[in-house]
Amino acid sequence: MIETMGEKAIQEIKQLLQLSESMEQVVNPYEVSAKDGGKIDYDKIVEKFGCKRVDQSLIDRVHRLTSRDPHVFLRRGVFFAHRDFNEILDSFERGDKFYLYTGRGPSSEALHLGHLIPFMFTKYLQEAFKVPVVIQLTDDEKFMWSKTLKVEDTKRLARENIKDIIACGFDVEKTFIFSNIEHAGTFYENTLKIGKCVTVNKANAIFGFAGEDPVGKMGFPPVQAAPSFASSFQHLFLGKDNNLRCLIPCAIDQDPYFRMTRDVAPRLDYSKSALIESKFLPSLKAMNGKMSASNPNSAIYVTDTTKDIKKKVNSAFSGGKDNSTEQENAGADLEVDIPFKYLSFFLDDDAELEHIKKEYGEGRMLSGPVKQRLTEVLTEVVEKHRKARAAVTDEMVNAFMAVRPLPKMFD
Ligand code: ATP
């Protein structure tokens with residue numbers, strides 16, 4: 001039908017879609033937001049995307065199969081949704097192998113705490129299941145989407161970010177880190193540069209496309225899709241099973257890419273990748289957005305000093321009441337309290353978290369001590385990361401990025 005409609009009618013439909021989206025929440029790889037004063041409704045996302053909730057029986061199963069405590073992000077429902085994770089566990093139980101795939105778009109010099117979440121979790125899965133990991137740096141994507149970054153900039157940022165990723169503790173004998181640009185060489189670099197120069201309008205005149213975005217954007221989703229097929233890594237999986245299954249830990253905003261990938265898989269005769277998907281570490285300012293590098297005020301970076309962290313935590317949105325009498329009477333609104341939310345991500349001790357929940361929520365604890373505790377917890381996370389990052393050399397980056405077989409990847 002659409003091809004018989006005029007441009008005006010198409011614009012009207014687009015405006016209507018934007019209007020209905022603006023009244024609802026928006027969760028996609030480019031934007032995460034809910035209405036002002038609202039918060040992300042994860043039940044709605046699960047329903048709309050058609051993925052499944054991670055339930056207690058799945059968590060218990062992970063516990064049983066790995067003989068170790070499930071990661072705090074599983075226990076607390078941070079990784080809350082999945083696609084076929086149960087099938088990965090079925091095949092693992094039968095003795096079959098799988099591999100993990102995660103990634104990062106190098107848009108900033110340093111990572112923020114939200115970026116650490118998939119990496120901390122993937123590192124845990126690597127250790128717990130004794131499986132290999134491939135990590136994709138989408139420097140091509142960040143070049144294509146950015147108005148200011150050149151190819152050279154995103155390549156440099158990728159190497160800087162890789163140091164932060166290695167600092168999360170990945171095992172070099174089981175991990176292959178690759179940059180879309182560096183590993184594809186100058187031929188691919190040129191295709192990107194060309195792709196960024198041609199608008200869809202121009203291509204439309206030549207090929208019959210429509211729209212104003214760089215045509216190169218249209219070419220990116222397959223690039224993020226390809227690592228979910230084992231055959232993309234001949235040096236790792238050649239001669240093994242080309243249909244080795246892939247499990248992708250990521251935040252739920254990446255789901256659209258992999259819905260597309262799973263849809264394509266049977267047509268290419270590949271197995272569908274499985275996903276385990278997280279909620280967002282919220283912005284410092286409100287529950288209706290994620291911590292994001294495009295809004296530096298929303299984020300705590302792994303390069304922040306204790307003083308920075310303290311200042312940022314003190315300015316975070318609080319669900320505590322304005323004065324101690326009100327707080328004692330009504331207690332804090334934990335649903336909107338950012339410091340408490342961050343503690344639920346990063347404070348490992350379940351009993352202490354429960355204590356704070358009760359005391360702060362029922363008004364016997366003020367927001368000051370909660371922020372103070374969070375400052376300590378985050379300082380510890382960041383300090384540990386800083387030390388590990390300082391020990392990462394350029395040679396180590398090269399070692400993780402070398403195209404090589406990984407003979408001990410399943411040991
Ligand atoms: P930013 O806007 O900060 O650059 P991004 O989504 O572009 O974030 P990527 O590097 O593309 O960042 O994402 C890497 C992974 O980190 C993805 O799985 C993404 O969903 C996840 N991620 C990014 N921000 C957060 C966050 N605040 N909470 C949880 N996961 C996050």
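Entry 1: I note that the model is predicted. I looked up the strand order of the open sheet. Its 7 strands run β3-β4-β9-β8-β5-β6-β7, and the pairing is mixed. The edges are β3 (52-53) and β7 (175-179), and each of these pairs on one side only.

Entry 2: I picked β4 (residues 79-83) and β9 (residues 274-278). They run antiparallel, and 4 bridges join them. Which residue of β9 stands opposite A81? I found E277 there.

**Entry 3: helices on the sheet.** I turned to helix α8 (residues 151-166) and saw that it packs on the sheet. Helix α8 touches β5 (98-104), β6 (133-137) and β7. Its direction makes about 150° with that of β6. I then checked helix α9 (residues 180-197), which lies across β6 and β7. Helix α9 runs at about 50° to β7.

**Entry 4: the largest pocket.** I looked up its volume and got about 1100 Å³. I count 46 residues in the lining. Which of them lie nearest the centre of the pocket? They are H115, K142, D253, Q254 and K290.

**Entry 5: who supplies the lining.** I listed the elements that each give at least two residues: β2 (31-33), β5, α6 (113-129), α7 (139-145), β8 (245-251) and α14 (255-268). The largest share comes from α6, with 5 residues. I sorted the lining of the largest pocket by type: 19 nonpolar, 20 polar and 7 charged.

Notes:
Residues numbered from 1 in each chain as written. Predicted model: local features only at pLDDT ≥ 70, side-chain atom pairs only at ≥ 80, totals over all residues. Heavy atoms only, no water. Pairing = 2+ DSSP bridges. Contact = heavy atoms within 4.5 Å. Axes fitted to C-alpha atoms, helices over the stretch in contact; angles between N-to-C directions. 1 Å grid on protein atoms, 1.4 Å probe; cavity = no way out; pocket = protein on both sides within 12 Å on 5 of 7 lines; lining within 4 Å. Points joined across faces, edges and corners; volume = space filled by probe spheres on them. Nonpolar A, V, L, I, M, F, W, Y, C, P; charged D, E, K, R; others polar.
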